[in-house]
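Have the viewer open and follow along.

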Amino acid sequence: MTRTLSLAFLAFLAVFTQAAHAEPVAEAKQLFERYASLEARFDPGVAGLYADDAIIRNKRFYPDGAVRETTIPALQYKQLIRDLMSVARSRNDYSTYSKATFSPEGEGVRIKAMRFSVMKQYSSPISLLVTPDASGRWLIREELSESRPF
């Protein structure tokens with residue numbers, strides 16, 4: 001009897017743990033799909049997917065071999081998105097995403113994907129850390145990306 005209860009308890013824990021990890025990953029997938037969709041439609045609402053205290057870091061690779069890493073304050077980045085989305089639309093400057101992976105990380109989920117710049121015709125990695133805020137709304141807390149000037 002005790003052995004049966006122990007096995008039942010272990011089975012319950014396994015199912016509960018799997019469900020606990022599945023929900024955040026599902027939330028992250030939904031957020032990432034919204035992110036890509038808003039960007040493809042040149043919707044400045046993509047800025048609203050970022051937390052006001054998000055870490056935004058870009059590593060830029062130059063043709064001469066130089067590499068420069070830039071960190072942009074989240075509020076400034078969000079305003080840039082809002083201000084420049086119409087410019088991006090006029091240049092058809094958007095990205096598509098592939099090879100997305102979703103891994104639980106702390107209270108959130110790390111999303112890693114390849115981003116293809118349609119206008120500049122190159123691919124580069126992007127990493128997003130998404131977590132829920134106090135109200136349960138999932139937001140981008142960190143964006144680590146790479147780019148090239150053209």
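## Ser95

In this predicted model, Ser95 counts as buried because its relative accessibility is 12%, and the cut-off for buried is under 20%. You'll find Ser95 in strand S3. Setting aside neighbours within four places in sequence, Ser95 is in contact with Glu39, Arg115, Phe116 and Ser117.

## The largest pocket

The largest pocket holds about 1100 Å³ of space. It has 34 lining residues, and the closest to the centre are Tyr77, Ile81, Asp93, Arg115 and Glu143.

Helix H2 (74-91) is among the elements that supply at least two lining residues each, and so are helix H1 (2-40) and strand S3 (95-105). H2 gives the most, with eight residues.

## Salt bridges

How many salt bridges are there? The count comes to six. One of them joins Asp52 and Lys78, with the closest N and O atoms 2.5 Å apart. That pair ties together distant parts of the chain, strand S1 and helix H2, 26 residues apart. Asp52 is partly exposed at 49% relative accessible area, whereas Lys78 is buried at 7%.

Glu105 pairs with Arg110 at 3.0 Å, and Glu142 meets Arg110 at 2.6 Å, N to O. The Glu142 pair also spans distant parts of the chain, from strand S6 to strand S4, 32 residues apart. Both Glu142 and Arg110 are buried, while Glu105 is partly exposed at 34%.

Conventions: Residues numbered from 1 in each chain as written. Predicted model: local features only at pLDDT ≥ 70, side-chain atom pairs only at ≥ 80, totals over all residues. Heavy atoms only, no water. 1 Å grid on protein atoms, 1.4 Å probe; cavity = no way out; pocket = protein on both sides within 12 Å on 5 of 7 lines; lining within 4 Å. Points joined across faces, edges and corners; volume = space filled by probe spheres on them. Helix = DSSP H or I, 4+ residues; strand = E, 2+ residues; numbered from the N terminus. Buried < 20%, exposed > 50% of the residue type's maximum accessible area, 1.4 Å probe, protein only. Contact = heavy atoms within 4.5 Å. Salt bridge = Lys/Arg side-chain N within 4 Å of Asp/Glu carboxyl O.
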